[in-house]
Amino acid sequence: MSLDGKTVYISRSNLSDVIAIDLSSPDHRILWRFPIPGINADHMGISPDGKHIAVSATSAGNFFVIDTATGKQVAKVPTGAFPHQNDYSPDGKYIYNSSLGIIPLPYALNGLKGKKQMTVVDAKTFKVLNKWTLPYGIRPNVITRDGKLTYLQMSYLNGYAKVDMATGKVLNKVEIPMSDYAKAHFKTKDDYPLNSAFHGMAINGAETKLCMAGTIDNYIVVASVPSMTTDRIIPSGSKPYWASTSSDGKRCYVSNSESNDLSVIDFESATEVARVKVGQYPQRSRLAIVPPAILDNLKN
């Protein structure tokens, strides 16, 4: 969403493009369209000032920076194989891009999946400042405000890891026991959806708690950091697939993609305080301030 809540930017994966839609117009007209090279447009991140969007071109091995006002390309930045998540640092100085490796290849050919890389980019010059790789694809992750640590999920890992952002060294890794549901339905790692066991991570405002989607397990994990101890494992809807943090930093929103609902998790008590029905196959959730007139227009 734009900062004024009047425009929504959408990465349309299999259409390989990004579009901007004017939510204030009666017909919700498309303001611009940016084609993404290759076969898939993936996750986006918006700069804190709302001027730029970073979006991954999955099969092209780079991400693009787009001017939100014009829909024009600002930069093209090389990444690892199958770039995925894009995030701006809170101060807007850096862009963080993580890559998955070539998803269609089986677990036995993990070594051929390409570079599973974290790329750190200067958000003004778009120069690559740092990059490092891990042996498995880098799934959803959070980076501490000081930029020193990342907590991340990896392909095939039923759990998460803590990694030094300067060196890429894995400082600690935690494996969470698989649920009975996962044991019954996922016999091999090649059964995991798009190589992911856990897919969804958010951190509270105090950076003391993580909320994680146990995708194959149908549960949500709340853990304390930096100790990386599990507070509670919470039953969720079906196939939880993304997590985000509320604006006050106290709650976590987890998208349950196959049960078409959203779990609201209280970080401190590690409990589910609400579950909200949403549209079909929810994934990434975004927080935005939207004017009442725009909400009224969306009802029409």
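## Basis

The model is predicted, so local features need pLDDT of at least 70 and side-chain atom pairs count only at pLDDT 80 or more, while totals for chains, interfaces and linings use all residues. Residues are numbered from 1 along each chain as its sequence is written, and side-chain values use heavy atoms, with hydrogens and water left out.

Helices (H or I, at least four residues) and strands (E, at least two) are DSSP runs, numbered from the N terminus.

Strand β20 (residues 240-245) is antiparallel to strand β21 (residues 251-256), with five bridges between them; two strands pair if DSSP finds at least two bridges between them. Within this pairing, Ala243 stands opposite Val254 in β21. The two strands form a hairpin with five residues between them, and Gly249 in the turn has a positive phi of about 75 degrees.

β21 is also joined to strand β22 (residues 261-266), again in the antiparallel sense, by six bridges. Here Ser255 stands opposite Leu262 in β22. The hairpin of β21 and β22 has four residues between the strands, and Asn260 takes a positive phi near 60 degrees.

## Backbone exceptions

Most residues other than glycine have a negative phi, and most peptide bonds are trans. His28, in the loop between β2 (17-22) and β3 (30-35), has a positive phi near 50 degrees. Its relative accessibility is 26%, so His28 counts as partly exposed; by the cut-offs used, buried means under 20% relative accessible area, exposed over 50%, and partly exposed in between (1.4 Å probe, protein chains only).

Leu194 also has a positive phi, near 50 degrees, and is found in the loop between α1 (180-185) and β16 (201-203). With a relative accessible area of 54%, Leu194 is exposed. The peptide bond from Val225 to Pro226 is cis, with omega near 10 degrees; Pro226 is in the loop between β18 and β19 (229-235).

Thr215 is in the loop between β17 (209-214) and β18 (219-224) and counts as buried, at 3% relative accessibility. Leaving aside residues up to four places away in sequence, Thr215 touches Pro193, Ala197, Phe198, His199, Lys239, Pro240 and Tyr241, where contact means heavy atoms within 4.5 Å.

Ile233, in strand β19, is partly exposed with a relative accessible area of 39%. Beyond four places in sequence, Ile233 touches Ile176, Tyr219, Ile220 and Val221. The C-alpha atoms of Ile233 and Ser25 are 44 Å apart, for residues 208 apart in sequence.

## Salt bridges

Side chains of opposite charge can pair when their charged atoms come close. A salt bridge is a side-chain nitrogen of Lys or Arg within 4 Å of a carboxyl oxygen of Asp or Glu, and the count comes to seven salt bridges. Asp17 meets Arg12 at 2.6 Å, N to O, and Arg33 at 2.8 Å. Arg33 lies in strand β3 and Asp17 in strand β2, so this pair ties together parts that are 16 residues apart in sequence. Asp17 is buried at 1%, whereas Arg12 is partly exposed at 26% and Arg33 partly exposed at 48%.

Asp231 forms a salt bridge with Lys209, the closest N and O atoms being 2.7 Å apart. Because Asp231 lies in strand β19 and Lys209 in strand β17, the pair ties together parts that are 22 residues apart in sequence. Asp231 is partly exposed at 30% relative accessible area, and Lys209 is buried at 12%. Salt bridges that share partners join Arg12, Asp17 and Arg33 into one network.
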